[in-house]
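Have the viewer open and follow along.

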Amino acid sequence: MLKFFLGRVLVLVPTFIGVSIIAFSFIRLLPGDPVMLMSGERVMSPERHAQIMHELGMDRPMVMQYLSYIGGILRGDFGTSVVTKQPILHQFFTLFPATLELSLCAIIFAIVLGIPAGVFAAIKRGSFFDQSVMGAALVGYSMPIFWWGLLLIILFSGILRWTPVSGRIDLLYFFPPVTGFMLIDSLLSGQKGAFASAASHLILPTIVLGTIPLAVIARQTRSAMLEVLSEDYVRTARAKGLSPFRVVGIHALRNAMIPVITTIGLQVGVMLAGAILTESIFSWPGIGKWMVDSVFKRDYPVIQGGLLLIAGIIMLVNLLVDLAYGLVNPRIRH
Amino acid sequence: MKTKLAFAAALLAASMLGGVANAKTLVYCSEGSPEGFDPGLYTAGTTFDASSRTVYNRLVEFKHGSTEIEPGLAESWTISDDGKEYTFKLRQGVKFQTTDFFTPTRDFNADDVVFSFERQLKSDNPWNKYVAGASWEYSAGMGFPDLIKSVEKVDDHTVKFVLNRPEAPFLADLGMDFASILSKEYADKLAADGKMEQMNQMPLGTGPFTFVAYQQDAVIRYKANADYWNGKPKIDDLVFAITTDASVRRQKLEAGECQIYPYPNAADVEALKKNPDLNVEEQAGLNVAYLAYNTLVAPFDKAEVRKALNMAINKKAIVDAVFEGQAQVAKNPIPPTMWSYDDSIKDDAYDPDAAKKMLADAGVKDLKMKIWAMPVSRPYMLNARRAAELMQADLAKVGVTAEIVTYEWAEYLKRSSDKDRDGAVILGWTGDNGDPDNFLDTLLGCNAVGGNNRAQWCNKEFDDLVKKAKQTSDQAERTKLYQQAQVIFKKEAPWDTIDHSTVFMPMSKKVTGYTQDPLGIHRFDNVDIAE
């Protein structure tokens, strides 16, 4: 198990270097630079432009910039935003809990609904239930997040007034962040109604961000289940007279879970991508919104630092998924 | 159970609302996050709304709803006969805000003024580079480093600015956001504590609202400054709920989660106007969109060719298609809300037949040209691509083949300044300080060729007039000069002036006293809200 673990960790090193090079160079391949955008319609003289680029250290050869950037990261310094002039690591850790909270809720939402839906669809293969679940999954998977979010806001917040439109908590509540997780902080604040308000603000963004993973998980569970249910050992189990619950719930499900766990792991990347749009619609102050704003402003340090940190998280999750296989399927760890 | 919980929550919320009923809170759904809170460092209106217009004051202020200036932290001023010395008498007894993070021990005085400007002008000032890459962009853009020779403290309540040359728009420049006055005492304290960068995160000034807290990308909170020298604001708390999507801002206003918001979608305006609970205020924006020919390249070097092309383009159709009618066709390079606007000027009317004939008379046949369309939506031009397509179709009717080109925004701005640029550029401008000089000299003066003068147009007669006006302090005299300049502009037609867009501000009917500012800033010091 230790060898398996170390092997997985070692692979991360070249991956991380690769990601850092891509993050660093891609944003610089885009035309335009942060200094030019700073002055807007007003033209900046070439001399002044060169001077500010020099002050920001952006006139040095790319390789030099990259090396000093990596040097900084090894010392724990991810640089400073060109726009807000704040340290990137500080901004990341201020905003990340909001994204994490939303992503966790969305993935839980997707798993809790997706796995049972997939299992039942598989058992009742070809039934009306199966077809409607799979049809809905296809629609959910194809729904553009932006459109879906706006639709839900207009219906549930605009017309029915059941949920708040956007934000993380009612503006009535005002307390300093402790953990950065609004659900926890609202409880810690001791203010009455704060938790309910935070929870109600989570409903729509959770549904919007969780829709695609939900669709994928449901479909994956169904097909994995179908495969497993046709295996000989399942027939044997049925022949032994085990209750349908034991056959499906214990024997089949456990084996069907392996591809599903892979899928869930892969959804983390999808979710962080989806968070960019979801956060923009729901004014959710997380890293997705932060990255989008930075791309528009060509805030190189934020984009490259943010990408690297996000990539690091995705790699970490994938590592955990790999380890989880080992737990589910003993053959892998040997 | 669920309904019970929801009911309990609603009840609780209601009781809490009841508890704070005597505090009047205005929630403004702002369009983006401020870049920081030191207005000197930035150029974006979003940042200014959150910093300079709430927390700070300037020596002179723009009157609510106009581009005229009135006394601010300076009570009065005198200008020397040669126009190079501006002496300001400062208002006495003005208090800086007391906050959780700083308690001032003295009133506002001349040291604060000198500090606020010197940090931007002198590279050896310890505050000149207090954050990485501080470039004082607006101050540089307005030419302050070359213009201002010195800022001197005469006594505690008198400050003198000495200029290198007479410059009439200088007073209006001092009303701009980057010229906000900061507290030197607070600055000294931060420097002593080694926390200089806090100046950009926790602002402290003399303005109508005191900064309370900023949760990044989410909420900014202010409370009314009870000691405000111009009278305490009528609302108690001001909250900016940052909401970047315009459709979501509309939903929030309609759901009562905020009471006022800027920049509605053009398509939403009609529906908002029909909502009985809302008011939609509108005002002509202080902006212009134009199509700038490159007057250095044949055949666009001939005024009659440019005029013929202007007559071939149906601007009314562009305004209808791009703005759904929520803009007005422009005939002058400055907007109608600006002083010296010459309304007697006649626009070159849309007339394809006459245009065709003029082109033939000028010996232009089978003309091929490029039209540059901006890749982004700006207040003065929501959809340049659409506008360019309409122009293309119009020009085809007079035998001109137009090709539409575009670049990424920063690249577009850079390339469009090139003197040997191929093609006519769609671009525009939003006024900085309400002074006609800010359009006529900045965008059309000879020294802006290769820079902001996208038409690369240098007309000596026009340039002499605007340069003379810049050095004249008498406004009546300046008005005459600018009106003459507008006549020359129309005769020479370096641009096709396209539109001045209308700015809308939807708000709840409970909000009273809000005045739209032509400069595009959002101020809440006069606003009240009904219970």
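## Sheets in chain B

Strands β8(B) and β9(B) pair in the antiparallel sense over six bridges. Helices and strands here are DSSP runs (H or I over at least four residues for helices, E over at least two for strands), numbered from the N terminus, and two strands count as paired if DSSP finds at least two bridges between them. To find the spot, look for B:Tyr214, which stands opposite B:Ile220 in β9(B).

Before going further, some housekeeping: this is a predicted model, in which local features need pLDDT of at least 70 and side-chain atom pairs count only at pLDDT 80 or more, while totals for chains, interfaces and linings use all residues. Residues are numbered from 1 along each chain as its sequence is written, with chains lettered from A and ligands numbered from 1 in the order in which they are written.

Back to the strands. The β8-β9 pair belongs to an open sheet of four strands in chain B, ordered β1-β10-β9-β8, with mixed pairing. β1 (25-28) and β8 (209-215) of chain B sit at the edges with a single partner strand each, so one side of each has no neighbour in the sheet. From one strand to the next, the twist averages 20 degrees.

Chain B also has an open sheet of four strands in the order β4-β5-β7-β6, and here the pairing is antiparallel. Its edge strands are β4 (74-79) and β6 (148-155) of chain B, each pairing on one side only. Twist in this sheet averages 20 degrees from one strand to the next. β6(B) pairs with β7 (residues 158-163) of chain B in the antiparallel sense over six bridges, and B:Lys153 has B:Val159 in β7(B) as its bridge partner.

What lies across β5 (85-90), β6 and β7 of chain B? That's helix α3 (residues 110-121) of chain B, running at about 165 degrees to β6(B). Axes are lines fitted to C-alpha atoms, for helices over the stretch in contact, and angles run from 0 to 180 degrees between N-to-C directions.

## The two chains overall

Chain B has 17 helices and 19 strands. Its radius of gyration is 25 Å, close to the 24 Å that the globule rule gives for 531 residues, so chain B is as compact as a globular protein of that length. (That radius is taken over C-alpha atoms, and the rule is 2.2 Å times the number of residues to the power 0.38.) Chain A, on the other hand, has 14 helices and zero strands.

The table puts the chains side by side; pLDDT is the predictor's confidence in each residue, from 0 to 100.

| Chain | C-alpha box along the principal axes | Mean pLDDT | Residues at pLDDT 70 or more |
|---|---|---|---|
| Chain A | roughly 85 × 55 × 40 Å | 89 | 98% |
| Chain B | roughly 75 × 70 × 40 Å | 93 | 96% |

The model scores ipTM 0.89 and pTM 0.89. Two residues are in contact if their C-beta atoms, placed from the backbone, lie within 7 Å.

## A helix crossing in chain A

The axes of α11 (residues 244-281) and α12 (residues 287-296) of chain A come within 7 Å and cross at roughly 90 degrees. That makes α11(A) roughly perpendicular to α12(A), a label for angles of 65 to 115 degrees (under 35 is roughly parallel, over 145 roughly antiparallel, the rest oblique). A:Ala275, A:Ile276, A:Glu279 and A:Ser280 in α11(A) meet A:Gly288, A:Lys289, A:Met291 and A:Val292 in α12(A). By class, that contact has four nonpolar, two polar and two charged residues. Here Ala, Val, Leu, Ile, Met, Phe, Trp, Tyr, Cys and Pro count as nonpolar, Asp, Glu, Lys and Arg as charged, and the others, Gly among them, as polar.

A:Arg298 has a positive phi of about 55 degrees although it is not a glycine; look for A:Arg298 in the loop between α12 and α13 (300-328) of chain A. In chain B, a cis peptide bond joins B:Ala298 and B:Pro299, with omega about 0 degrees. B:Pro299 lies in the loop between β12 (287-292) and α10 (303-312) of chain B.

## Where the chains meet

How many residues of chain B are in contact with chain A? There are 49, and they touch 47 residues of chain A. Elements giving two or more residues to chain B's side include α1 (2-19), β9 (219-224), β10 (237-241) and β16 (424-430) of chain B. That side has 21 nonpolar, 16 polar and twelve charged residues.
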